[in-house]
Amino acid sequence: MVPSPLALLLVLGAAATVLAEPLRFVDCGSVDGSIQEVNVSPCPTQPCLLHKGTSYSINVTFASKIESQGSKARVYGEMLHVDIPFPIPEPDGCKSGIQCPIQKGHSYSYLNKLPVKSEYPSIKLIVKWELVDDQDQMLFCWKIPVQITS
């Protein structure tokens with residue numbers, strides 16, 4: 001049986017949606033880990049256009065250089081070199097795809113959501129995302145430019 005062109009198009013479209021392109025990011029101080037890849041979905045181009053009222057999927061693949069019982073995420077909107085805390089639904093890294101305790105030399109996929117609230121202003125800024133270990137040291141820190149839009 002030969003699949004129809006429409007079926008092939010749907011399968012290819014679904015595959016393209018799942019296979020997000022890795023983002024260009026700035027490492028802002030990963031000490032206890034090394035970032036292998038950062039994905040924000042959907043974000044087909046940079047700077048990422050973040051639409052108000054939408055939630056974005058975050059996936060960071062990193063390797064740990066240390067052992068840690070836990071981890072905690074801190075997210076900021078950076079404007080004019082000032083970090084403004086940006087609340088996320090689940091700051092606990094052990095509830096965000098990371099199997100704890102974290103082991104030295106292992107790779108992990110950190111998964112979370114970035115909700116963009118309707119009341120946020122339409123503005124260009126830098127998203128700064130940190131994950132710290134149980135000693136408050138950086139497992140990873142990355143930055144990407146974004147634009148919040150209606």
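Leaving aside neighbours within four places in sequence, which residues is P101 in contact with? The answer is S68, Q69 and Y108, where contact means heavy atoms within 4.5 Å. Keep in mind that this is a predicted model, so to speak: local features need pLDDT of at least 70, side-chain atom pairs count only at pLDDT 80 or more, and totals for chains, interfaces and linings use all residues. Residues are numbered from 1 along each chain as its sequence is written, and side-chain values use heavy atoms, with hydrogens and water left out.

**Overall layout**
- Reading from the N terminus, the order is α-β-β-β-β-β-β-β-β-β.
- Of the 150 residues in the chain, 36% are buried (buried is under 20% relative accessible area, exposed over 50%, partly exposed in between, with a 1.4 Å probe and protein chains only).
- Take the contacts with a separation of 6 or more: 68% of them join residues 24 or more positions apart.

**Aromatics**
- A pair of aromatic rings is described by the distance of the centres and the angle of the planes.
- The count here is six aromatic pairs (rings of Phe, Tyr and Trp, the last by its six-membered ring, with centres within 6.5 Å; planes under 30 degrees apart are stacked, over 60 edge-to-face, the rest tilted).
- W129 and W142 make a stacked pair, because their ring centres are 5.8 Å apart and their planes sit at 5°.
- That pair links distant parts of the chain, with W129 in strand β8 (residues 124-133) and W142 in strand β9 (residues 138-149), 13 residues apart.
- Both W129 and W142 are buried, and they belong to one aromatic cluster together with F62, Y108, Y110 and F140.

**Nonpolar core**
- The largest nonpolar core holds 33 residues, and V40, Y110, L114, W129, F140 and W142 touch the most other members (such a core is a set of buried Ala, Val, Leu, Ile, Met, Phe, Trp, Tyr and Cys residues joined through side-chain atoms within 4.5 Å).
- Two or more residues each come from β2 (33-41), β3 (48-51), β4 (54-64), β5, β7 (107-116), β8 and β9.
- β9 gives the largest share of this core, six residues.
- Not counting residues up to four places away in sequence, W142 touches F25, V26, C28, I35, V38, V40, I58, V60, V127, K128 and W129.

**Largest pocket**
- The largest pocket has about 150 Å³ of space (a pocket is an open set of points on a 1 Å grid over the protein atoms alone, with protein on both sides within 12 Å along at least five of seven lines; lining residues have an atom within 4 Å of a point).
- Its lining includes G77, M79, F86, Y120 and I148.
- β5 (71-79) and β6 (82-85) each supply at least two lining residues.
- The lining divides into 10 nonpolar residues, one polar and no charged.

- N39 is found in strand β2 and is buried, with a relative accessible area of 11%.
- N39 and V60 are 21 residues apart in sequence and 6.3 Å apart in space, C-alpha to C-alpha.
- P101 lies in the loop between β6 and β7 and counts as partly exposed, at 40% relative accessibility.

Methods:
On a 1 Å grid over the protein atoms alone, a cavity is a set of points where a 1.4 Å probe fits but cannot get out, and a pocket is an open set with protein on both sides within 12 Å along at least five of seven lines; lining residues have an atom within 4 Å of a point. Grid points are joined across faces, edges and corners, and a volume is the space filled by probe spheres set on the points. Helices (H or I, at least four residues) and strands (E, at least two) are DSSP runs, numbered from the N terminus. Ala, Val, Leu, Ile, Met, Phe, Trp, Tyr, Cys and Pro count as nonpolar, Asp, Glu, Lys and Arg as charged, and the others, Gly among them, as polar.
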